[in-house]
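Q: I would like a careful, connected reading of one part of this model, with its surroundings and the confidence behind it. Please begin with the confidence and then work through the packing.

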Amino acid sequence: MNAPCEAPASLEAAGLRIASAELSELYTAHSRAIYYLALRFLGDPQKAEDATHDVFLKALRKFDQFRGESSARTWLYRIAINHCRNLQQTWHERHMFPNSDSPIWEQTAAGESPLRILETKELGARIQKTLDALPPEYRLLLLLVSDQELSYEQVGLLTEQSSDAVRGKLHRARKAFAALFAKSE
Amino acid sequence: MKQETKLSTGQQHEQTAEAQTVKTTPQQFENVEQLLRYDAAQTPVPPEIASRLNRSVEQSPPPRRPWWRRIFGGG
């Protein structure tokens, strides 16, 4: 698990004040979701911290472009996804995984079974290890779908595909995750 | 919302038995989303991000006025 650190319920609770009221509001409501996505997508707490900072700063600078056509959460996710993808555009990461359409990900699991763990202590590390072993597309889908504030339609918009495609890929992503997670025990 | 969370009878028995016998109750998640939601809830946001953001916002130059406003004035 990552190093424990207390999360402020709000910035004020931590004795912090963000200069912009808009940013402060956005941060209080969505920083946990954005940080978690960045952490598990990038797999590195320091990179996730930098990314979260950059995402909210970009959001503040582009705030006049936010017209409320999507939810603030979706808008922030879009900025975060683009940012994290840009960070990952290195040769190593581009070539590390087979494409998620590859049949290899179909063969990894016999079925979906409940995911059991004996201790929560090492849970974060196991989840990270499992997500790291998945194609980035599956990793992103699972992370987005696990946010209960997002519908399949919104996940589809964020990942530029139909909600039916999201459902199809999600099924394969879950199976691949479950199989890899079981092996990580 | 998105996922079925019903347990089969066998799974329910298994969960109950485990909960009764082990003090450090084993966690069981029905699906990946549930597991990730649990993990997200256990993952706090480092407070350093907020202080860094504060510094960045305070150091940011004010937005530049568009050229026509600089020439013709206004706003």
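What pLDDT does chain A average, and what percentage of the residues score at least 70? With that settled, please look closely at α2(A): which of its residues are buried, and what do those buried residues pack against?

A: This is a predicted model, and for chain A the average pLDDT is 81, with 72% of the residues scoring at least 70. Two stretches of chain A call for caution: over residues 1-10 the pLDDT is below 50, although the model gives that stretch 20 contacts beyond near neighbours in sequence, and over residues 12-16 the pLDDT likewise stays under 50, with 8 contacts beyond four places in sequence. For the complex, the predictor gives an ipTM of 0.78 and a pTM of 0.72.

Helix α2(A) has 17 residues, and the 24 Å from its first C-alpha to its last is close to the 24 Å expected at 1.5 Å a residue. Its buried residues are A:A48, A:A51, A:T52, A:H53, A:D54, A:V55, A:F56, A:A59 and A:L60. An α-helix has 3.6 residues a turn, so residues three or four places apart point the same way. The buried residues of α2(A) pack against α1 and α3 of chain A, together with α3 (48-59) of chain B.

The pairing with α1(A) can be described in detail. Helix α1 of chain A covers residues 21-42 and helix α2 of chain A covers residues 45-61, and their axes come within 8 Å and cross at roughly 145°, in a right-handed crossing. On the α1(A) side the contact is made by A:E22, A:L23, A:L26, A:Y27, A:S31, A:I34, A:Y35, A:A38, A:L39 and A:L42, which meet A:P45, A:K47, A:A48, A:A51, A:T52, A:V55, A:F56, A:A59 and A:L60 in α2(A). By class, this contact has 15 nonpolar, 2 polar and 2 charged residues.

On the α3 side of chain A, residue A:L87 belongs to helix α3, which covers residues 72-87. Once its neighbours within four places in sequence are set aside, A:L87 is in contact with A:L42, A:K47 and A:A51. A:L87 has 18 C-beta neighbours inside 10 Å and therefore counts as partly exposed, since being buried takes 20 or more.

A:L140, in helix α6 (residues 136-145) of chain A, is buried because it has 24 other C-beta atoms within 10 Å. Not counting residues up to four places away in sequence, A:L140 touches A:F41, A:I81 and A:T159, and although A:L140 and A:A38 are 102 residues apart along the chain, their C-alpha atoms are separated by 9.8 Å. Helix α5 (residues 123-132) of chain A has A:R126, A:I127, A:Q128, A:T130 and A:L131 as its buried residues, and what covers them includes α1, α6 and α8 of chain A together with α2 of chain B.

Helix α8 (residues 163-183) of chain A has 21 residues and reaches 30 Å from its first C-alpha to its last, close to the 30 Å expected at 1.5 Å a residue. Its buried residues include A:V166, A:L170, A:F177 and A:F181. In the loop between α7 (152-158) and α8 of chain A lies A:E160, whose phi is near 55°, a positive value in a residue other than glycine; A:E160 is exposed, with 7 other C-beta atoms within 10 Å.

Chain B has 4 helices and 1 strand, in the pattern α-β-α-α-α along the sequence, and buried residues make up 17% of its 75 residues. Its mean pLDDT is 68, with 45% of its residues reaching 70 or more. Within chain B the confidence is lowest in helix α1 (residues 9-21), at a mean of 43, and highest in helix α2 (residues 32-41), at 94. Over residues 1-24 of chain B the pLDDT stays under 50, and the model has 15 contacts for them beyond four places in sequence.

Notes
Residues are numbered from 1 along each chain as its sequence is written. Chains are lettered from A and ligands numbered from 1 in the order in which they are written. This is a predicted model: local features need pLDDT of at least 70, side-chain atom pairs count only at pLDDT 80 or more; totals for chains, interfaces and linings use all residues. Helices (H or I, at least four residues) and strands (E, at least two) are DSSP runs, numbered from the N terminus. The expected span of a helix is 1.5 Å times one less than its number of residues. A residue is buried if 20 or more other C-beta atoms lie within 10 Å of its own, exposed if 12 or fewer, and partly exposed in between; C-beta atoms are placed from the backbone. Axes are lines fitted to C-alpha atoms, for helices over the stretch in contact, and angles run from 0 to 180 degrees between N-to-C directions. A crossing is left-handed if the near helix is turned anticlockwise from the far one by less than a right angle, and right-handed if clockwise. Two residues are in contact if their C-beta atoms, placed from the backbone, lie within 7 Å. Ala, Val, Leu, Ile, Met, Phe, Trp, Tyr, Cys and Pro count as nonpolar, Asp, Glu, Lys and Arg as charged, and the others, Gly among them, as polar. pLDDT is the predictor's confidence in each residue, from 0 to 100.
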